[in-house]
Amino acid sequence: MKTLAITLAFALSSFICNAQKNDTLPTYTITVKINNTLNNNGHMLIGLHTADTFMKTKGIQNSKAEIKDGKVEVTFKDVVPGEYAVMVLHDENDNNRMDFESNGMPKESYGMSNNPMLFGPPTFSDATFKVTNENIDMIIRL
C-alpha cells in the first residue's frame, strides 16, 4: 500500500511540475494578412496547424474573419515555439467548407503559409514555418 501511495504521489507531483513549467514557456503571435481576395463575399477561414492537424481536422487555433475592401488580417495569440502551417480558405458561400468542381478542382480560393505553387494537394512540409523567439507577420496569397 505504501508503494502505491508513493508512486501516486510522484506521478501527481510530476504532472504539477510539468503544468507549472508550461506556464513559463514564452509565447508569440502570428499575424496573417491576405490582401488579394477577389471579392468581399462570405468570410475567410484561417487555421493554424501542426503536422497532426494539417489537412486532417481543424487547426489548433482557427478564425473566421470578415473581408473588408479585399483584405483580411488575423492574429493568433499565445503560440508556443514549434513548427506550424497556416491554411486559408475564402468561403464565398459561407458554408464553412471548401467546395469542389465535378473534376475535383476547388471552386473557392485558398492559400497557405510559404505561398507554394502546387499542382496537387499540399503537404505540411510545403507550408511549414518555425516559431522560435519572435512574433511572426506573414502575407498569404490566394
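The structure is a predicted model, in which local features need pLDDT of at least 70 and side-chain atom pairs count only at pLDDT 80 or more, while totals for chains, interfaces and linings use all residues. Residues are numbered from 1 along each chain as its sequence is written, and side-chain values use heavy atoms, with hydrogens and water left out.The space in this second largest pocket comes to about 340 Å³, and its lining divides into eight nonpolar residues, four polar and one charged. A pocket is here an open set of points on a 1 Å grid over the protein atoms alone, where a 1.4 Å probe fits, with protein on both sides within 12 Å along at least five of seven lines, and lining residues have an atom within 4 Å of a point. A volume is the space filled by probe spheres set on the points, which are joined across faces, edges and corners. Ala, Val, Leu, Ile, Met, Phe, Trp, Tyr, Cys and Pro count as nonpolar, Asp, Glu, Lys and Arg as charged, and the others, Gly among them, as polar.

The largest pocket holds about 850 Å³ of space and is lined by 31 residues, with Met-55, Met-87, Val-88, Leu-89 and Met-98 nearest its centre. Its lining is made up of 16 nonpolar, 11 polar and four charged residues. At least two lining residues come from each of β2, β3, β5 (82-91) and β6, and β2 gives the most, with four; strands (E, at least two residues) and helices (H or I, at least four) are DSSP runs numbered from the N terminus.

Met-55, one of the residues nearest the centre of the largest pocket, is found in the loop between β2 (43-49) and β3 (61-66). The phi angle of Met-55 is near 65 degrees, a positive value in a residue other than glycine, and with 46% relative accessibility Met-55 counts as partly exposed, the class between buried (under 20% relative accessible area) and exposed (over 50%), for a 1.4 Å probe and protein chains only. Asn-114, which is not a glycine, also has a positive phi, of about 75 degrees; Asn-114 lies in the loop between β6 (110-112) and α2 (124-127) and is partly exposed at 46% relative accessibility.

Two aromatic pairs are found in a search of the whole structure, where rings of Phe, Tyr and Trp (its six-membered ring) pair if their centres lie within 6.5 Å, and planes under 30 degrees apart count as stacked, over 60 as edge-to-face and the rest as tilted. Phe-54 and Phe-124 form an edge-to-face pair, 5.7 Å centre to centre with 70 degrees between the planes, which links the loop between β2 and β3 with helix α2 across 70 residues of the chain. Phe-54 is buried, with a relative accessible area of 5%, and Phe-124 counts as buried at 16%. Tyr-84 and Phe-129 form a tilted pair, 6.5 Å centre to centre with 40 degrees between the planes, in which Tyr-84 of strand β5 and Phe-129 of strand β7 (residues 129-131) are 45 residues apart. Tyr-84, at 4% relative accessibility, is buried, and Phe-129, at 11%, is likewise buried.

An open sheet of three strands has the order β4-β1-β8, with mixed pairing, and its edge strands, β4 (72-79) and β8 (136-139), each pair on one side only; two strands pair if DSSP finds at least two bridges between them. Strand β1 (residues 28-34) and β8 pair in the parallel sense over four bridges, and Val-32 stands opposite Met-138 in β8.
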